[in-house]
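Subject: Structure for your files

Hello,

Here is the structure I said I would pass on. My notes on it follow below.

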Amino acid sequence: WTLTVQGARAYQAARLGIEMGLFTVRQNRACPAPIPDLNNPPGLTGFTVAWTCVDTPFMESGEDRHIFQITSTAHYGVLNSPDYVERELVVVTEQ
């Protein structure tokens with residue numbers, strides 16, 4: 001039961017990383033510089049969230065366009081410990 005709850009919390013922490021990445025991309029129309037891991041996000045004590053962004057530019061009808069892939073990984077605990085949980089989410093957006 002505990003791991004089920006922690007898994008749901010890990011999913012929400014990973015969503016936080018996705019939302020941060022999407023906000024940054026939409027504001028700047030570019031991937032941000034790499035950020036350090038986000039430790040203990042509000043309401044998710046003990047979790048670590050890391051996210052990355054890949055920008056793939058292309059031309060469409062003479063217009064510069066970009067495809068951004070944002071990956072967010074959240075984990076709790078130490079790898080291979082009985083209470084370890086991890087969730088990874090990937091989102092792709094075009095600007």
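In which loop does Arg29 lie? Arg29 is in the loop between α1 and β1, with β1 spanning 38–39. Its phi is near 50°, which is a positive value in a residue other than glycine. Most residues other than glycine have a negative phi. At 36% relative accessibility, Arg29 counts as partly exposed.

Before going further, please note that this is a predicted model.

Overall layout

The protein chain has 1 helix and 4 strands, and from the N terminus on they run α-β-β-β-β. Along the principal axes, the C-alpha atoms fill a box of roughly 55 × 20 × 20 Å. Of the 95 residues in the protein chain, 33% are buried. The accessible surface comes to about 6000 Å², and carbon and sulfur atoms account for 55% of that. For contacts between residues at least 6 apart in sequence, 52% join residues at least 24 apart.

Ser61 is another residue that is not a glycine and has a positive phi, here about 50°. Ser61 sits in the loop between β2 and β3. Its relative accessible area is 79%, so Ser61 is exposed.

In soluble globular proteins, nonpolar side chains tend to be buried together. The largest nonpolar core in this model has 16 residues, and the members that touch the most others are Ala13, Ile18, Val25, Phe47, Cys53, Ile70 and Ala74. At least two residues of this core come from each of α1 (2–28), β2 (47–60), β3 (63–76) and β4 (85–94). Helix α1 supplies the largest share, 6 residues.

Leaving out residues up to four places away in sequence, Cys53 touches Val25, Cys31, Pro32, Phe68, Gln69 and Ile70.

His66 is placed in strand β3. With 16% relative accessibility, His66 counts as buried, because the cut-off for that class is under 20%. The His66 side chain makes a polar contact with the side chain of Asp55, at 2.8 Å. Again not counting residues up to four places away in sequence, His66 touches Arg29, Asp55, Thr56, Pro57, Phe58, Thr93, Glu94 and Gln95.

Thr93 is buried, with a relative accessible area of 12%. Apart from its neighbours within four places in sequence, Thr93 is in contact with Leu22, Val25, Arg26, His66, Ile67 and Phe68. Among these is Val25, which is also one of the core residues named above.

Salt bridges

How many salt bridges does a search of the whole structure find? The search finds 3.

One is formed by Arg15 and Glu19, whose closest N and O atoms are 3.8 Å apart. The two residues are 4 apart in helix α1, so about one helical turn separates them. Arg15 is partly exposed at a relative accessible area of 36%, and Glu19 is partly exposed at 43%.

Arg65 takes part in the others. Its side chain meets that of Glu63 in a salt bridge of 3.5 Å, N to O, and that of Glu94 in a salt bridge of 3.2 Å, N to O. Because Glu94 lies in strand β4 and Arg65 in strand β3, their pair ties together parts that are 29 residues apart in sequence. Through shared partners, these salt bridges join Glu63, Arg65 and Glu94 into one network. Glu63 is partly exposed, with a relative accessible area of 44%, and Glu94 counts as partly exposed at 40%.

Surface patch

Which residues make a nonpolar surface patch of about 240 Å²? The patch is made by Ile67, Val90 and Val92. Of these, Val92 lies in strand β4 and counts as exposed at 53% relative accessibility.

Regards

Technical notes:
Residues numbered from 1 in each chain as written. Predicted model: local features only at pLDDT ≥ 70, side-chain atom pairs only at ≥ 80, totals over all residues. Heavy atoms only, no water. Core = buried A, V, L, I, M, F, W, Y, C linked by side-chain atoms within 4.5 Å. Buried < 20%, exposed > 50% of the residue type's maximum accessible area, 1.4 Å probe, protein only. Contact = heavy atoms within 4.5 Å. Polar contact = N/O pair within 3.5 Å; in protein donor to acceptor, adjacent residues only side chain to side chain. Patch = residues over 30% accessible without salt bridge, like charges linked within 9 Å, V, L, I, M, F, W, Y side chains within 5 Å. Areas by Shrake-Rupley, 256 points an atom, 1.4 Å probe, with all protein chains shown as cover. Salt bridge = Lys/Arg side-chain N within 4 Å of Asp/Glu carboxyl O.
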